[in-house]
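Hi everyone, thanks for coming along. Let me show you something new today, and then we'll walk through a few spots together.

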Amino acid sequence: MQEEELIAVLDRARQLGLLTERAEDLLWNALDDSETTVEALLMQWTARVEAFDAEPGHGAVELDEALQATTFILDEALQAAQDEPIAHKHPIHAALCTDRAYASSWLELCMRSPANWEPLEKRLRSLDPTSGCFDPTELGTEAGRDWVEVRVRLSPDAEWRALRLPAYAAHLVDGSQMWDPEASGTPAESTFWSDGTWSGSLVWDSAVHVVEFMLSDAMWRRRVRGACVLELGCGLALPGLVAHLLGARAVLLTDRRVITDMVGEAVAINSLPAETVRAFELDWAPGAAAPVLATHLGGGAPDVIVSCDCIFADLFDSNFLLLDVLSEIASPATAILLGFERRPGDGVERFFAQAAARGFRTTLRRRSQRVLVCELRLVR
Ligand SMILES: C[S@@+](CC[C@H](N)C(=O)[O-])C[C@H]1O[C@@H](n2cnc3c(N)ncnc32)[C@H](O)[C@@H]1O
């Protein structure tokens, strides 16, 4: 309870410019190291916020200067990520597609397919998700799908938790459009490939980095606990599902319909509480978020929004519909975590310029080769 109050006071302090994100990091880490207590911090920061309210300007940091420094760091990191050798393009994703597992001290991932199927990589290269699964009655069944085995550790000394995520495309392809090699020899036309929906049926590197950031960052672990978390373009929804394991009070997993149907299966297969973890369609378009806010958030804003690998102008949209949705859903109290991977033609610089113009302040949290994790806040 006191922790929730502390989060609220620190959010307010940040909005007022009394607290930088770096300072907040240090503060949560001090809590983790038992150098202070929630109670002490709550008293200290409540007093500061109240003093500021009584006498505006009191105790404020030089916000413009801090903002300039943050922007500079972000620009540098964006460029450095783009300059990384192309060999560093989604190494985790590539490993999973070629039957190699991924393992860190937080997370283990392994892609599995029915034994009689063509290897996933080969199916991807030939744009044929159904290979090995031509019987439409098998689609969506255990025999007719790939899946990802996940093991996650919620703290360095915690037990591993297991999740099984239905994955990849065979059961997402419209049966009536399925490629029957004996009939025509050509794949059926489908927007499945052209609009990028296929990409939601696999795990991408930025989702892995965001999950590891959430797990390893003391402030974010606390922020997620008890929060309402919304994931946009969730794909297999690894970050959202881990947020649930971390104690989020509500998790809303959104993407295009075929993808969220698959995520709904993951919720059921893993016996997660359907009233707390909900998967439903949110196809980005101006105005699309309003009914979601009304139905699932009671008209309020989520505490946290997560989105991974969704800034890709060439594939998804050059007008950054994602930004429209973020603007519609986020309030100044919403913490937004974006993970993305630099790719040629991704338009990421334009994305952040437009985000700044709409009042979002971006802070770089982590970079690993071509992948960046950033936090955004609406500041005006
Ligand atoms: C590269 S995948 C990333 C999936 C997952 N977040 C991850 O990182 O593993 C991009 C996701 O964005 C979704 N997406 C793209 N355009 C969208 C739109 N207009 N509305 C909703 N989702 C969209 C795709 O369906 C896909 O699931």
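**A short tour**

Let's begin with D309: this residue counts as buried, because 26 C-beta neighbours lie inside 10 Å, and the cut-off for buried is 20 or more. Before I go on, please keep in mind that this is a predicted model.

Most residues other than glycine have a negative phi.

Now on to another loop. D99 lies between α5 and β1, and phi of D99 is also positive, near 70°. Is D99 buried or partly exposed? D99 counts as partly exposed, because it has 13 C-beta neighbours inside 10 Å.

R100 is found in the loop between α5 (91-97) and β1 (102-103) as well. With 14 other C-beta atoms within 10 Å, R100 is partly exposed. From R100 to R112 is twelve residues in sequence, and in space their C-alpha atoms are 10.0 Å apart.

Last stop, the ligand. How many residues surround the ligand? There are 22 of them, and the closest are G200, A207, G233, G235 and C308. If you sort that shell by class, you get eleven nonpolar residues, seven polar ones and four charged ones.

That's my tour, so please jump in with questions!

Notes
Residues numbered from 1 in each chain as written. Predicted model: local features only at pLDDT ≥ 70, side-chain atom pairs only at ≥ 80, totals over all residues. Near = placed C-beta within 6 Å. Nonpolar A, V, L, I, M, F, W, Y, C, P; charged D, E, K, R; others polar. Helix = DSSP H or I, 4+ residues; strand = E, 2+ residues; numbered from the N terminus. Buried ≥ 20, exposed ≤ 12 C-beta atoms within 10 Å, placed from the backbone.
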